[in-house]
Amino acid sequence: MKVLSGLDMLMHAELAAVRGCAVGLVCNQASVSHDLQHVTDVFAQAHRQGVLRLRALFGPQHGLWGHTQDNMIEWEGYVDPRLGVPVYSLYGRHRKPTAEMLNGIDKLVIDLQDVGARYYTFVWTVALCLEACAEQGIEVVILDRPNPISGQAVEGCLLEPAYRSFVGLHPLPVRHGMTLGELGRYLQANFYPRCSVTVIRMEGWQRAMYYDETGRHWVMPSPNMPSVETAIVYPGMCVLEATNLSEGRGTTRPFEMFGAPWLDGWQLAERLNHAGLPGVWFRPLEFQPTFNKFAGEKCGGVFIHVLQREHYEPFLSALFILSEMFKMYPDQCQWKLPPYEYEYEKMPFDILVGNGWLRQEIETGASISRLKEKWQDELAEFLAVRQQFLLY
């Protein structure tokens with residue numbers, strides 16, 4: 001039996017939660033049913049049949065159909081030629097829906113596939129939608145989907161308020177172990193209490209499940225998230241965006257491989273494997289990105305093979321990788337400078353990890369076990385809060 005998403009359950013209920021309403025829809029190319037019907041087609045058909053009135057579509061980072069690459073590449077709104085409704089960008093000049101965009105809408109339906117990491121921007125698109133809808137008196141309906149890297153493991157430091165950005169607006173650990181519906185409940189209760197939020201729950205999903213155990217087809221939620229394996233390493237390897245190391249963009253396996261022209265992958269892999277990080281093996285290789293960092297240049301690097309994903313700690317592993325890189329290549333390995341995700345002052349690494357102390361600890365060679373100890377107390381506090389918003 002396949003896991004049924006919130007969209008599937010809404011369809012089974014004959015769209016009861018939005019019947020007779022003027023609807024706005026936040027979605028992208030991964031917003032499909034278990035049999036690969038896209039949510040826009042489902043809603044467009046309901047619109048033609050008079051079941052609801054589809055007023056507008058809203059696309060997150062990378063666009064409604066995932067057609068834009070990388071960070072801070074803005075796209076503008078347009079009228080969808082097939083559906084005849086306006087499509088608004090929520091990643092550009094406006095990341096929060098304006099009153100004009102929401103005009104005439106009774107309910108804003110959100111159907112996005114999150115990947116389980118705080119810095120994946122879709123959760124913050126949801127947060128700003130809650131804020132906007134609270135101001136306009138519009139109900140938000142979230143169609144829930146699986147957390148592709150399971151809903152059990154929680155890892156990493158919490159975001160500190162001084163480091164708020166579009167890769168982290170409110171306190172969450174790096175790997176939060178929640179579904180988008182659960183995150184919506186958490187955000188509504190703690191930060192947007194005036195917003196009315198309804199979550200259409202999944203059927204058949206269990207917290208220990210990874211996406212490839214759900215019986216559902218994987219549809220890329222963004223251009224550099226081609227597989228479940230990518231999502232598994234992403235909570236750690238995304239931090240390489242904040243360095244001059246290639247995080248594998250411009251290859252067919254982004255985030256699973258990394259490197260630089262000046263890096264010796266064989267030497268690095270030996271050091272990483274000798275450390276005995278749980279659940280993972282590092283294989284040396286060479287690669288040549290077609291775009292992004294070092295486009296067209298041959299890079300020495302490492303491929304990450306997750307052997308036991310239930311034991312693998314992606315964030316801690318990435319911090320260890322960076323620590324080793326700064327020891328091996330103190331002159332070549334560098335932090336990327338601003339801007340990053342619309343932030344023009346703070347260092348990109350600090351924005352990603354959500355604090356200002358972790359970067360200095362890595363530079364000075366602090367032990368990874370000590371780093372992990374530093375966030376255990378705040379993580380325990382979050383787990384207690386998190387528990388009341390879990391649906392499964």
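Trainee: Which handedness does the crossing of α6 and α8 have?

Mentor: This is a predicted model, in which local features need pLDDT of at least 70 and side-chain atom pairs count only at pLDDT 80 or more, while totals for chains, interfaces and linings use all residues. Residues are numbered from 1 along each chain as its sequence is written, and side-chain values use heavy atoms, with hydrogens and water left out. A crossing is left-handed if the near helix is turned anticlockwise from the far one by less than a right angle, and right-handed if clockwise. For α6 and α8 the crossing is right-handed.

Trainee: At roughly what angle do the axes of helix α6 and helix α8 cross?

Mentor: Helices (H or I, at least four residues) and strands (E, at least two) are DSSP runs, numbered from the N terminus, and axes are lines fitted to C-alpha atoms, for helices over the stretch in contact, with angles running from 0 to 180 degrees between N-to-C directions. The axes of α6 (residues 228-237) and α8 (residues 314-328) come within 6 Å, and they cross at roughly 55°.

Trainee: Which word describes the orientation of α6 to α8?

Mentor: Angles under 35 degrees count as roughly parallel, over 145 as roughly antiparallel, 65 to 115 as roughly perpendicular and the rest as oblique. With the axes crossing at roughly 55°, α6 is therefore oblique to α8.

Trainee: Which residues of α6 and of α8 make the contact, and how do they divide by class?

Mentor: Taking contact as heavy atoms within 4.5 Å, α6 contributes I232, V233, P235, G236 and M237, and α8 contributes P314, F315, A318 and I321. Ala, Val, Leu, Ile, Met, Phe, Trp, Tyr, Cys and Pro count as nonpolar, Asp, Glu, Lys and Arg as charged, and the others, Gly among them, as polar. By class, the contact of α6 with α8 has eight nonpolar, one polar and no charged residues.

Trainee: How do α7 and α8 pack, and which handedness has their crossing?

Mentor: Helix α7 (residues 265-274) packs with α8 at an angle of about 130°, their axes lying 11 Å apart, and the two are therefore oblique to each other. The crossing of α7 and α8 is right-handed.

Trainee: Which residues meet where α7 contacts α8, and how many are charged?

Mentor: From α7, Q267, L268, R271 and L272 meet F320, I321, E324, M325, K327 and M328 in α8. The residues of this contact of α7 with α8 divide into six nonpolar, one polar and, as charged residues, three.

Trainee: How many disulfides does the structure hold, and how far is C21 from the closest cysteine sulfur?

Mentor: A disulfide is a pair of cysteine sulfur atoms within 2.5 Å, and the structure holds zero of them. The closest cysteine sulfur to that of C21 is in C133, too far for a bond at 13 Å.

Trainee: Is D8 buried or exposed?

Mentor: D8 is found in helix α1 (residues 6-12), and, not counting residues up to four places away in sequence, it touches V3, S33, H34 and R216. Buried means under 20% relative accessible area, exposed over 50% and partly exposed in between (1.4 Å probe, protein chains only). At 1% relative accessibility, D8 counts as buried.

Trainee: Which residues is P284 in contact with, leaving aside its neighbours within four places in sequence?

Mentor: P284 lies in strand β11 (residues 280-287) and, at 23% relative accessibility, counts as partly exposed. Leaving aside neighbours within four places in sequence, P284 is in contact with G265, W266, A269, G301 and V302.
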